Amino acid sequence: MATSIFFSSLLALCFTIAVIATDPSSLQDFCIANSSSPVILNGLACKDPKLAEADDFSFSGLNIAGNTSNAVGSRVTPVTVTQLPGLNTLGISMARVDFALGGVNPPHLHPRASEILAVLRGHLEVGFVTSNPENRLITKILQKGDVFVFPVGLIHFQRNVGQRNAVALAALSSQNPGVITIANALFGSNPAISSDILTKAFQTDSNTVNDIQSKF
C-alpha cells in the first residue's frame, strides 16, 4: 500500500512539473506585454486590453536580410515578445536566420524552447548533440523546403554548405526562448571564468584559453 501511495505521489509530482515547465497560458483573449510596468512577473505584465491596437500584434522587417558581416558569417533576426508584445503568454516566437557563404550559426541552446527550422534558400548542415553520457551528434544536410527540429535545451548549430547565401526561418515554443551561445558563455562571460577551470575542462593549456578569451 505504501509503495502504491509513493508511486502515485511521484506520478503526480512529475505531472505537475510537466505542466509548470511551459510558458504561462493566457486566461483571456490576449495579454499584450507592458514593458514599462514596474510589476515583476514570470513573463510580462499585461497592457490594458481596451488599449490594444493592431501594431501590438504586428512586426515588420523579416523580409530584410540580416547583416552577416561578422566573425561567424550569420545573423539572427528575432521576433520574440521583446519585438512583438502581442506574443505575451502565447508560448511562441520566431526568427529569421541569414547565412553568408560558409557562415555558421554557432553551437548554442535555447533553455526554454524547442525549435523547428525551415530552409527558405540554400543548403544548410544542421545538427544537435544529445545529453551526457552519450553526446551523440545527429546531423543532416538540408535544402530549400526541408524542415528540422531541435529539442529544447540541446546544443545545436547550422552551417551554410551551399554556393550562395542561405536563409532559414525558425519557430520556437516560447515567447522568450532565450539563447546561450556556448563559446560566448564560456570564453566571454563577465566576469571571466577562471582559466584554470577552462584549462581542465578542455584539456588544454592556459595560453590557449587566454588567447580564445581575448577574442570575446
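Mentor: Arg96 and Asp98 are both buried, where buried means under 20% relative accessible area, exposed over 50% and partly exposed in between, with a 1.4 Å probe and protein chains only. The model is a predicted one, in which local features need pLDDT of at least 70 and side-chain atom pairs count only at pLDDT 80 or more, while totals for chains, interfaces and linings use all residues. Residues are numbered from 1 along each chain as its sequence is written, and side-chain values use heavy atoms, with hydrogens and water left out.

The side chains of Arg96 and Asp98 are joined by a salt bridge of 2.8 Å from N to O, the term standing for a side-chain nitrogen of Lys or Arg within 4 Å of a carboxyl oxygen of Asp or Glu. Four salt bridges are counted by this rule. Another of them joins Arg159 to Glu125, with the closest N and O atoms 2.5 Å apart. This pair links distant parts of the chain, since Arg159 lies in strand β8 (residues 156–160) and Glu125 in strand β5 (residues 124–129), 34 residues apart; strands (E, at least two residues) and helices (H or I, at least four) are DSSP runs numbered from the N terminus. Arg159 is partly exposed at a relative accessible area of 38%, whereas Glu125 counts as buried at 18%. Asp211 and Lys215 also meet through their side chains, at 3.0 Å from N to O; here Asp211 is partly exposed at 41% and Lys215 is exposed at 60%.

Strands β5 and β8 both belong to an open sheet of five strands in the order β6-β5-β8-β3-β10, with antiparallel pairing. Its edge strands, each pairing on one side only, are β6 (137–142) and β10 (180–181). Two strands count as paired if DSSP finds at least two bridges between them, and β5 and β6 pair in the antiparallel sense over six bridges. Val126 has Lys140 in β6 as its bridge partner.

The aromatic side chains come next. Rings of Phe, Tyr and Trp (its six-membered ring) form a pair if their centres lie within 6.5 Å, and planes under 30 degrees apart count as stacked, over 60 as edge-to-face and the rest as tilted. Five aromatic pairs are found by this rule. One of them, between Phe128 and Phe148, is tilted, at 6.1 Å centre to centre and 50 degrees between the planes. It links distant parts of the chain, with Phe128 in β5 and Phe148 in strand β7 (residues 147–150), 20 residues apart. Both Phe128 and Phe148 are buried. In the pair of Phe187 and Phe216, the ring centres are 6.5 Å apart and the planes lie at 25 degrees, so this pair is stacked. Phe187 lies in helix α2 (residues 182–187) and Phe216 in the segment after α4 (206–214), so the pair ties together parts that are 29 residues apart in sequence. Phe187 is buried at 10%, while Phe216 is partly exposed at 45%. Ring pairs also link Phe128, Phe148 and Phe150 into a cluster.
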